[in-house]
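The exercises below are to be worked with the sequence and the model side by side. Please try each task before reading its solution.

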Amino acid sequence: MANRERKPVVIIGGGPAGTSAALCLRKLGHEVKLFEKQKFPRYRLGESLLPGTLSILTRLGVADKVNEAGFVRKNAATFIWGGGRPPWSFTFGTPKTAPWVYDHSLQVTRAEYDHILLKAAAEHGAEVREECEISDVQLNESNDGNPSVVTWTAADGSTGTLDTDFVVDASGLRGSLSQKLTTR
């Protein structure tokens, strides 16, 4: 494997996990091809980010774009576990002791938040293919230096294959790769 050209990393799924992986891999200099079966922005339920997520967004270089979206700032949260039980409250009041430590979180609109991250992955050099689903993965588990092969199908009916050294399954609940490997 040392004598052959490195193949791109294929990421299945363009949500926060897939785009975070794409941004990290691009920072490390890897070629990335991200496949998302839907067109963004697409509907998802809202999300309450934790303060630590803001630190990650800063390290990924996308915190400014997320902040520019004007999402609701949250300083605390309360969980209520059914009727008659006391609520559990907690604060995000950690002192801001360094630029990457946050004393608040954000309540984001997922469609907008996810779209910001997907566009950032593309802006940082990942090849993003929306409305393009990975329909099969043939993993090379023999350790013989040959790549794995993914098959994709686009919404327009076109199909293709791509050699890859690594596949990241960030397909969420669908769990494309884990279903294929029956590890779910």
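**Exercise 1.** In which sense do strand E10 and E11 pair, and over how many bridges?

*Solution.* Some conventions come first: this is a predicted model, in which local features need pLDDT of at least 70 and side-chain atom pairs count only at pLDDT 80 or more, while totals for chains, interfaces and linings use all residues. Residues are numbered from 1 along each chain as its sequence is written, and side-chain values use heavy atoms, with hydrogens and water left out. Helices (H or I, at least four residues) and strands (E, at least two) are DSSP runs numbered from the N terminus, and two strands pair if DSSP finds at least two bridges between them. Strand E10, which covers residues 148-154, pairs with E11 in the antiparallel sense over six bridges. Within this pairing, Val150 stands opposite Leu162 in E11.

**Exercise 2.** Identify the residues that line the largest cavity, and classify them.

*Solution.* A cavity is a set of points, on a 1 Å grid over the protein atoms alone, where a 1.4 Å probe fits but cannot get out, and lining residues have an atom within 4 Å of a point. The structure holds one cavity of 30 Å³ or more, and the largest cavity has a volume of about 40 Å³, where volume is the space filled by probe spheres set on points joined across faces, edges and corners. Its lining consists of Leu54, Leu57, Thr58, Ala63, Val66, Asn67 and Tyr102. By class, the lining has five nonpolar residues, two polar and no charged; Ala, Val, Leu, Ile, Met, Phe, Trp, Tyr, Cys and Pro count as nonpolar, Asp, Glu, Lys and Arg as charged, and the others, Gly among them, as polar.

**Exercise 3.** Locate two backbone features, at Pro41 and at Glu131.

*Solution.* The peptide bond from Phe40 to Pro41 is cis, with omega near -5 degrees, and Pro41 is found in the loop between strand E2 (32-36) and strand E3 (47-48). Glu131, in the loop between strand E8 (127-130) and E9, has a phi near 50 degrees, a positive value in a residue other than glycine. For context, most residues other than glycine have a negative phi, and most peptide bonds are trans.

Terms used:
On a 1 Å grid over the protein atoms alone, a cavity is a set of points where a 1.4 Å probe fits but cannot get out, and a pocket is an open set with protein on both sides within 12 Å along at least five of seven lines; lining residues have an atom within 4 Å of a point.
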